[in-house]
Amino acid sequence: MHDTDGTHTRRFGLPTATALVMGNIIGGGIFLLPASVAPFGTVSLLAFGVLTIGAIALALVFGRLAQRHPRTGGPYVYAREAFGDFAGFLSAWSFWTMTWVSNAALAVAGVGYLHVMTGKGSMAGDLAMALAMLWLPALANLAGTRWVGAVQMISTVMKFVPLLFVAVVGLFFFDPDNLGSFTTADGNWTGGLTASAAILLYSYVGVESAAMSAGEVRDPERNVGRASVLGTVGAALVYLLGTVSVFGTVRHDKLVESTAPFSDAVDVMFGGHWGGMLIAACAVISIVGALNGWTLMSAQAPYAAAKDGLFPAAFGKKKRGVPTFGVLAAAVLATGLTVVNYTSGVGGVFEILVLITTFSATVPYLLAAAAQVYFLLTGRRDKVRTGRFVRDMVLALGAFAFSFWLVAGAGYAAVYQGVLFLFAGILVYVWLTARRPAAEAQAPAAEQAEPVQEEAAVTR
C-alpha cells in the first residue's frame, strides 16, 4: 500500500481492526450506563439484547458491502455507488461533522473523569487538559497507521480487561434482592423498553469503523466484516455483563441516584472507597482510546469524498497511511469548539452541537443499509453476495430498522438541529460540484499538451 507521496505504509490486521471497532464503540458513556437505565427496571437488559442484534445486523451489512467496495470511506462509498454523488456527499458531510463535534464532547467528558483523580481545577487547567486529550491522539495519527494501530490495541486492552474483570467478578457478588422491578411503576414494559433503548442506542455508534478504514485494513473483503462483528460482539459483552453485575451488586435505590455506578460496585465488592479512582482511570483510558480511533475516522470519509471531487482536494492526500489534512482539520475544529465550551459562558451552545452529532451519526447508517437493499432489489448481483438473497435482505432490512430506530431515539431536538446542519452542507456541495467541470476541463488540456509538443519537435 502506497500513499500519495509514494511512501509505503503498513495495513491493519484483523486484531487491530477489531480493536478499532471495539475502541470506538466503547467510550466514556459505559461508566454511567447502568445508572442511566436503572430507573426503567431490568427490562433495560432486554433492550440491550434487542439493540445488540440490530448492531450485529448493521455490522454484517457493512461486511457484505465491503466485499465489493473495499475502499476507505465505507458508508460514503456505498451511498455514492447506489444513489449518486449527492447521497454520497450527504453521508460524508454528516459523518465528518459528527466526528469532530463528538471528539470535543469526549475531551470535555474526559476532563470530568480526571477531576476524580486530581480534584477540581481552574478553567485554564481544564481547557489545557481537554486540548491535550484532543491533540495527543491527533499526533499519534499524524505519526502514521503503525502508531494508530499500536495506541488502539494498547488502549483497548487497558480498558477492556478492567471492565471485564469488574463485570465477571461482580457476578460472584450478585444478589437478586438488589435488582429493581422488571418494569417502571406504571407496569408498561414496552414503554420501559423503548425509553431505555433510546438511552442505549448510541452506545453502539462506531460499528462502521472497520468499513470506514477499509483501505487501511489488510484483506478488507474478509476482515472488514469479521472485525465489525467481533468488535460489536466484544463491546456488547462488556456492556451487558457490566450492567448485569452492577445491577446485582448495588442496591436499586442507590443505583438510581448514583453518579459513578461502576465505582459503587467496586466498593461493594472489595470495600473501601478506592473504586472511584480506579474506574476514573479506566474511563480516561477508554476516552483516549476512543479519541484515537475517532480522530482517524474524522479524516476517512472526507478523504474518500475528496478523491471523487466531493470534498476539497487537500483532504485527499495521505502521509504514512493517514489523511493528514483531515486529521488536522478535525483537531482544529474540535479545539475551537472546546475553547468555546470553556470560555464563552454561553449556555446551551455545546449541548446543541452535541445534539447534532446524535442525528448526524445515523445518516450514513441509513444510506448504507438502503444501498444494500437497493443492490438486492435491482438485481445487481455483482454488488452483493450471490445465492444469499433472503438472508442478505433480512440483514439489510434489520440494519435499516436499527438505523431508523437510532433516528427516532435521538429525539425531536436532535433531529431538528441535525437536519438544519445537514442542509447547510448543500451549499458546500453546490460550490464543489460547480468547480468540478472547470477542473476536469483543465486535466485533458494538460494531458494533450505533451503530444502536441512532441509532434512539433518531429516536424522541426
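Guide: Welcome! A nonpolar core is a set of buried Ala, Val, Leu, Ile, Met, Phe, Trp, Tyr and Cys residues joined through side-chain atoms within 4.5 Å; buried means under 20% relative accessible area, exposed over 50%, and partly exposed in between (1.4 Å probe, protein chains only). What you see is a predicted model, where local features need pLDDT of at least 70 and side-chain atom pairs count only at pLDDT 80 or more, while totals for chains, interfaces and linings use all residues. Residues are numbered from 1 along each chain as its sequence is written, and side-chain values use heavy atoms, with hydrogens and water left out.

Visitor: Thanks! Which residues touch the most other members of the largest nonpolar core?

Guide: That core has 129 residues. In soluble globular proteins, nonpolar side chains tend to be buried together. Here the members that touch the most others are Tyr 78 and Phe 311.

Visitor: How many helices are in the protein?

Guide: Helices (H or I, at least four residues) and strands (E, at least two) are DSSP runs, numbered from the N terminus. The protein has zero strands, and its helices number 18.

Visitor: What share of the residues counts as buried?

Guide: Contacts first: among those between residues at least 6 apart in sequence, 83% join residues at least 24 apart. As for burial, of 460 residues the share that counts as buried is 53%.

Visitor: What part of the accessible surface belongs to carbon and sulfur atoms?

Guide: Accessible areas come from the Shrake-Rupley method with a 1.4 Å probe, and for residues only the protein chains shown count as cover. The protein's accessible surface comes to about 19,000 Å², and the part belonging to carbon and sulfur atoms is 68%.

Visitor: Are H3 and H10 roughly parallel or roughly antiparallel to each other?

Guide: Axes are lines fitted to C-alpha atoms, for helices over the stretch in contact, and angles run from 0 to 180 degrees between N-to-C directions. Under 35 degrees counts as roughly parallel, over 145 as roughly antiparallel, 65 to 115 as roughly perpendicular and the rest as oblique. The axes of H3 (residues 43–68) and H10 (residues 220–249) come within 7 Å and cross at roughly 170°. The two helices are therefore roughly antiparallel.

Visitor: How many residues of the contact of H3 with H10 are nonpolar?

Guide: Ala, Val, Leu, Ile, Met, Phe, Trp, Tyr, Cys and Pro count as nonpolar, Asp, Glu, Lys and Arg as charged, and the others, Gly among them, as polar. This contact holds one charged and eight polar residues, and its nonpolar residues number 17.

Visitor: Which residues does Thr 52 touch, not counting those up to four places away in sequence?

Guide: Thr 52 lies in helix H3 and is buried, at a relative accessible area of 15%. Its partners are Tyr 204 and Ala 236.

Visitor: How far apart are the C-alpha atoms of Ile 26 and Val 238?

Guide: Ile 26 sits in the loop between helix H1 (14–25) and helix H2 (33–37), and is buried at 2% relative accessible area. Beyond four places in sequence, its contacts include Lys 159, Leu 163, Val 238 and Tyr 239. Ile 26 and Val 238 are 212 residues apart along the chain, yet their C-alpha separation is 8.9 Å.

Visitor: And how far apart in space are Val 284 and Gly 27, C-alpha to C-alpha?

Guide: Val 284 belongs to helix H13 (residues 275–307) and counts as buried at 13% relative accessibility. Although 257 residues separate Val 284 from Gly 27 in sequence, their C-alpha distance is 9.1 Å.

Visitor: Is Asp 219 buried or partly exposed?

Guide: Asp 219 is in the loop between helix H9 (209–212) and H10. Its phi is near 50°, a positive value in a residue other than glycine. With a relative accessible area of 31%, Asp 219 is partly exposed.

Conventions:
Contact = heavy atoms within 4.5 Å.
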